[in-house]
Each structure stands twice: as structure tokens, then as C-alpha cells.
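Subject: Handing over the two-chain model

Hi,

Here is the structure I promised. Please open it first, then read my notes below.

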Amino acid sequence: MPLLRSKEDLKELRREITGKRDLNKPYITLCSGTACHATGSDNVAAAIQEELKTQGLTEEVGVRRTGCHGFCERGPIIIIYPEEICYLNVTPEDVPEIISRTIKEKQIIDRLLYLDPNTGERIVHEQDIPFYKYQTRLVFSGNLWVDPKNIEDYIALGGYRALAKALHEKTPEEVLTEVKRANLRGRGGGGFPAGRKWETTRNASGDPKYVIVNCDEGDPGAYMDRSVMEGNPHRVLEGLAIAAYAIGAHIGFIYVRQEYPLAVNNLAIALEQAREYGLLGNDILGSGFEFDVKMHRGAGAFVSGESSALMNAIEGRVGEPRPKYIHTSESGVWDKPSNLNNVETYATVPLILEKGADWFTAIGTEGSKGTKIFSLVGTVNNTGLVEVPMGTTLRDIIYKIGGGIRGGKKFKGVQTGGPSGGIIPEQYLDSPVDFDELTKLSSMMGSGGMIVMDEDTCIVDLARYFVDFLCDESCGKCVPCREGLKRMREILEDIVAGRGKEGDIELLEEIAVVMKNASLCALGTTAANPTLSTIRYFRDEYEAHIKEKRCPALVCKDLISYYIDPEKCIGCLKCLKNCPEGAIEGEKKKTHVIDQSKCVKCGICFDVCPPKVGAVMKISGEPVPPPVAEATREPGGRKRKGGGR
Amino acid sequence: MVEIDLKRVDEIIDRYKGEAGFLIQLLLDLQSEFNWIPREAIARISERTRSPKSHIYRIASFYTAMNLNPVGRHIVQVCLGTACQVRGAPKIMDRIEENLKIKQGATTPDMRFSLRRVNCLGCCAMGPVVVVDGNYHGKVTPATVEDILDQYE
């Protein structure tokens, strides 16, 4: 293993690695991020090794297990080089055919290609699939090529070149100026200019200074930091080292939540390798700059993602926030100046150093530069990670990249900013997405979660969900947050259970104001946002629950009933057999009837009723029709009134 | 009472000799070793690291990743992150609670299952997600819950 002692050493190593690699040699890359692990990437990898052995091709064909490609909906994903053929949803059973037909005979297997639902065409190359075509992958690009466990893959792509440039060609002040000029804003949620934060820590008195990576990605529905950290950890390390150089720090911390075991694992390997290659430690690349990094695992507390709380946790104390009369950038870990940024922010830094601030500021909008990775999830057709220039519209993200709403349902809203954000309704779909625009819409950018909801999502129940989540996660230190959330939860639980009263909406708004003004940290000051934004845009749904005891989305258990439409029921026994409570009566070819007193509203009957039949329906806000008489339970022929399915 | 091998506890404590701010990391290691943090272990840490027991309890009770009670043979985690939520995770949780006849956070009397709610595992594209002993089950429906649980004796 080479110990790199100069900029030339790095260049030479890169030449050596790329020289050894034959670009015409067949190569299989297999996505091995957490989602693909879950869908069987390990088994596919084993099958590939096995099959190459059987066919005697182990030497001729290279295999690489990369990080997350982002199209998690269709994992595991295989790409075959040099042709760059992309196969989706690959199973171990597909592997022998892939090796013998595609690798050996250079034939394409149609059924494994992406099928464009609009044109009916099969698409061979990943970059032509609409999900990828409309993206601009800068920060995320390395994930497709790099084996996160192998530093040489990262170096082969030009990795650590930006660090070498910073250390050897620029003074710390010049690096700082470049990042400030790039107007890089923090990707963790707040959008505070990173360069200004760095400068504060740099100028603060106190020694040592610390740089910290926040990978406590707690926002439910967001997972881009995990994918960058587990798929391309060296990019984060490189960005961190550059920040440390600009700030004058020699110790860094990376705070990773332990719910991300793969990220913890891959990061530990990356740290080890970076030290071996002389990219961390004393005298990095012969520049005289000294820097090393420690990993700290978070133990599962949402509030610990807040900067002062995270720093308390690094000190080994309970991860609760403290008042920030003095910013952590001046007095953080062990009361020393500490710069905290999120994973994606650091991962963007090498690009800025390498290509320059002018290049970076040419991408994005007036106030928000560069690209942002979003986690596009929920009831959208193509779920996964999406990197687009700031300013791309919500409609483009959801429809062009995401392929629209699942199952032809109607779009209802998109949730951004996690539990601190809000829900944006249809009329604002053409808004450009950047830090300032989303704030105007009563939501926020947050770390990049984008949860799409269709007409089957109850907005009031969703507000209750966020309040319940935050109630659990509030540390309880300050009264407005602790008590305010509990009271809000009580009110919202009443509303979804049909016990809502006149004045509840106003009371929610009143509590929200107090929490916003008087809570200690951002968890509390933003906690009411999901509720406030839903009241702003979906007040009629709240009113339907309160006044008519009706759930328009047919979700709230206490306000709905399941009913079998005797007009449509064909007596197939499916719901009857699957009902876990034995609440359905009926015989083959005779209309089934739900015994409302036994029904626990689990919804299984609704799910298993064949879509063509669609006899099971949900009713809300009106009484369930009485069961049809025993004698007339033959299929068809009767006219009955019911709610919508 | 469950017997605890204090030697293992000592080994874990030794990993963090002389490090500042080690306590959370140490407790996490204990948690993954025993699946919970026994009283005896806390006493041992307190004795050897000269930290007050109250301080250790405060940390162990604050974090969701740490258990102060013994857990079942299999740990069932139901993701209730927003993405899973809008794809029907609450119905999955209800179904599992009814099936195991326990509420979230509890352990079945036969010590077969412990049921936990988690707030996002970052597998949002596959939701609703249920993880049993580290095995991920994606796109779960109320009707498939039973089959999943049956795989774990």
C-alpha cells in the first residue's frame, strides 16, 4: 500500500490504478446500498461469483459492488460495462442467463431492461431512463462507480485531487474565500451559508478547533445522507479535510446514527484506508497539514441531530440541546469552536474546489446554488434518490423523474422538510424548489425528504402523525415543546377519533404560536409547522372531521366502516378467508356480509378483494346500510346505496 | 434472573480506556452484545469508570437504541417513518400487535418476540418496511404479516 507524500504521489497512484484497468474488459457493477441489500443484493452477488466460476470467467470478468444508485424502487440494479447495459430488479435466478447471454454473447435480455410505461419501449442505458435522464448528478455521481470499501476506486475517479489542490496550491484563506464565493448553503435543513459558518469558527478564539459531520439523518422519509455516506464515504472525508484545512482544525468527528449499520461499517473502513494512504494523519500529502477523524455512533434520538445536542452526545453526555446564546461555531464540543455541517454539504466541497466557485454558482437559483439530493418517496411511481439543480419545479421532480402518482391516483400534497416542514398542495406544484421558495410556502427545504401523498392520505391524520413523532422525540427540557406537543397530540387524536369540537383548530393555532416563540431549540420552534401548513391548505378536511365526523380520505379508523356492496360481490370467499377476526359471513357464490360488531377495520378485506370486483368499500360520515336479508344473498340484481370506493 | 458474563462487560469497558466522551459508545457496544443493558453491567461500568450510576441510567434511558429490560429472541422493528406511514405502515403495526397480542415496546410472555417502532430506517423506497433480527422485509401488507412472523421461531 502506497503512502502518499506529495501531490505527485497521488497523481502517480491514479495513473497506476487507471493504467491497470482495462476499459474494454467486461465489468459487472451491482448496487449494494441498504435498500438493495434488503431486496437481495447479497444473493445476487453470490450467484454472480458462483456462475463466473462455473463458466470459467472469474479472471475475464470484473465485479464491483457499488453504493446506492438511487433507483431503489427497482433494485437490485446491475450495470454491465463497457456497453453500460442496465438491468433492474435482478434476482439470483437471472444471473446464469446474464453471464451466458449478455457477457458472453453480447446479447441484451429484454425482460430485465427498464420498460417505459409511457412509450412501451425498453431502455438499455441507465442514463436514458426518465428517472435518471432529468437529473443532474454531481454529488451523487460517484455512487455508480465506486466500491465504497476500496479507496482506489475513488482515487481513480479523481478523488482527493481537490484536497491536494487545496493543501498545495491554496492558503486556508483562499479555500475559505472560494467556498464563500460559491455561496454553498447548508444542506442539512437550515440553509445557512457554509463559508460564513467556517469563517466564524476559524476566527473564534480557542484551541483546538473541531469540524463535525452530521450524519444523524433523523427526518423520517429522508435517506440521501445515508446513501452518500455508505456509498461514497471518501467524498465526505475529502470535503471534511478541506474544511478542516480552511478552518485550522486538526480533529474531526463524524456522527452517524447506529440505525445505519452499513454506513457505520463502510465509514470505518474508509477511515482506516485513508490513514494507510496518508490522506489522514500527520503531514497529509506532504503538506505539513495534520488531521484525523473519529467516528461517533448516535444511539437513536431525533433531537440529537440538533447541533448543540449532537455536540453534547460527542462529549458522552445525553444528547439534549442547550440554549445557544453563543453559537456552537464559537463554543461547541468541550466549549471549543466547532464547525458542524451535514454530509451532503461536505460532499459538495471537493466539487467546488476542483471546478471553482464560478462553475458552481452557474447552477441553481439566485439564492440557492448547486444541486440538491432529494429522497423522493411515498406514493409516487419511481421512488428513490434524485439529484437536481436548485430551482427545479416540484412538478418536474414528481412527474418527469418520479413518473407521477402510483396506481393512477390523484396527487394530494408533497411533504418537505420532515417534521419541521409542511405539506405543499397541488396549486403550488410549479414552484421552483430552493431554500427560499419552500419557506414562502410554509414549508422548508429541510434535509431533502420529499414525501408524495395521494388522495388516500388523510391530512389530519398526517398532522397527528408528525405531532406524535415529535412528542416521542422531544427531550422534554423546555416546557413549550414538551407540553405544547402533548396538548396538540390530544387535540389531534380527538379530531381523528371523531371527538373534535368547534374551536379545536383555533386552539391548535394558539399553541403553535407559543411553541414557535418560546421553545429552546429548533425542534420545538418548528414542531407546529406540519399542523399549521395543513390547516392553511386543507382546512376543509379538518372541518369535515370535526363537524361531520367524516374522514374524506377514508383513513381514520374511528370514522370509517367497511362494507361489502351486494351489487358487486361475487361471493369468491377471498375476504372471508383472509379476515383475521372471522367477521365476514357468507358462502361460495353468495353475497358476503361484514359483521360490524366484530370488524376491527384492519382493511385486509379491502386489500384482497379482486380489483375487477371492487366490492369492499369504505364508508365515512354516513351509516352503514343494513345487511341484506339472508334469503336474497344471491349475486347481482339488487340496488343499494353506498359511499365511494 | 438472567446471568451476565461480567468478563464480556470488562472487555467492552477496556476498549474505551482513556477516551473522553466514551460512555454512549460503550453502552451501544453493550447493547449489541447482550441486546439489552443489564443492571449488573451498569454497576460494573460505574465502578470501573468512576461515573455515577445515575449518569449512566440517564443516558441509557434517554436513547431508544438502548434497552433496560431483557428482550425476546427476535426483535421486530416496524418502520413508521413518513414514507412508510403514507404507504400503510399503521395498518401493519396494528396487525402485528393483534397477531402477537402485545403493544409496541413490549415483549411476548414466551420471550419469542419484542416489538418496536422505529422512526425511519432509510429504506423509504420499499415501504412499508418490517425488520426482524436485521432482515429487511419490504412492501409488507397486512395479509403478509403472519407469513413473515412465522419465519422466526
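One term before the notes: domain bounds here come from an automatic or database domain assignment. Please also keep in mind that this is a predicted model.

Domains of chain A

For chain A, that assignment gives five entries:
- domain 1, made of 24–81 + 85–124
- domain 2, covering 151–361
- domain 3, covering 373–454
- domain 4, covering 463–543
- domain 5, covering 557–632

How far apart do the C-alpha centres of domain 1 and domain 4 of chain A lie? The distance is 47 Å.

A helix pair in chain A

Two packed helices are described by the angle between their axes and the distance between the axes. Take H18(A) and helix H19 (residues 479–496) of chain A: their axes come within 9 Å and cross at roughly 150°. Angles over 145 degrees count as roughly antiparallel. H18(A) and H19(A) are therefore roughly antiparallel to each other. Their crossing is left-handed.

Which residues make the contact? From H18(A) come A:Val460, A:Asp461, A:Ala463, A:Arg464, A:Val467, A:Asp468, A:Leu470 and A:Cys471. H19(A) brings A:Leu485, A:Lys486, A:Met488, A:Arg489, A:Leu492, A:Glu493, A:Ile495 and A:Val496. By class, this contact has 10 nonpolar and six charged residues, with no polar ones.

Where chain A touches chain B

The contact between the chains takes 44 residues from chain A and 37 residues from chain B. On the chain A side, several elements supply at least two residues each. Among them are helix H2 (34–38), helix H13 (307–314), helix H18 (459–473) and helix H24 (604–608). Strands contribute too, including E9 (292–298), E11 (371–378) and E15 (449–454). The chain A side counts 21 nonpolar, 17 polar and six charged residues.

Chain B

Chain B has seven helices and four strands. From the N terminus on, its elements run α-α-α-α-β-α-α-β-β-β-α. The C-alpha trace of chain B spans about 50 × 30 × 20 Å along its principal axes. Of the 153 residues of chain B, 42% count as buried. Among contacts in chain B with a separation of 6 or more, 57% join residues 24 or more positions apart.

Chain B is divided into domain 1 (6–62) and domain 2 (74–150). The centres of these two domains of chain B, taken over C-alpha atoms, are separated by 29 Å.

Best wishes

Terms used: Residues numbered from 1 in each chain as written. Chains lettered and ligands numbered in written order. Predicted model: local features only at pLDDT ≥ 70, side-chain atom pairs only at ≥ 80, totals over all residues. Contact = placed C-beta atoms within 7 Å. Nonpolar A, V, L, I, M, F, W, Y, C, P; charged D, E, K, R; others polar. Buried ≥ 20, exposed ≤ 12 C-beta atoms within 10 Å, placed from the backbone. Axes fitted to C-alpha atoms, helices over the stretch in contact; angles between N-to-C directions. Parallel < 35°, antiparallel > 145°, perpendicular 65-115°, else oblique. Left-handed = near helix turned anticlockwise from the far one by under 90°.
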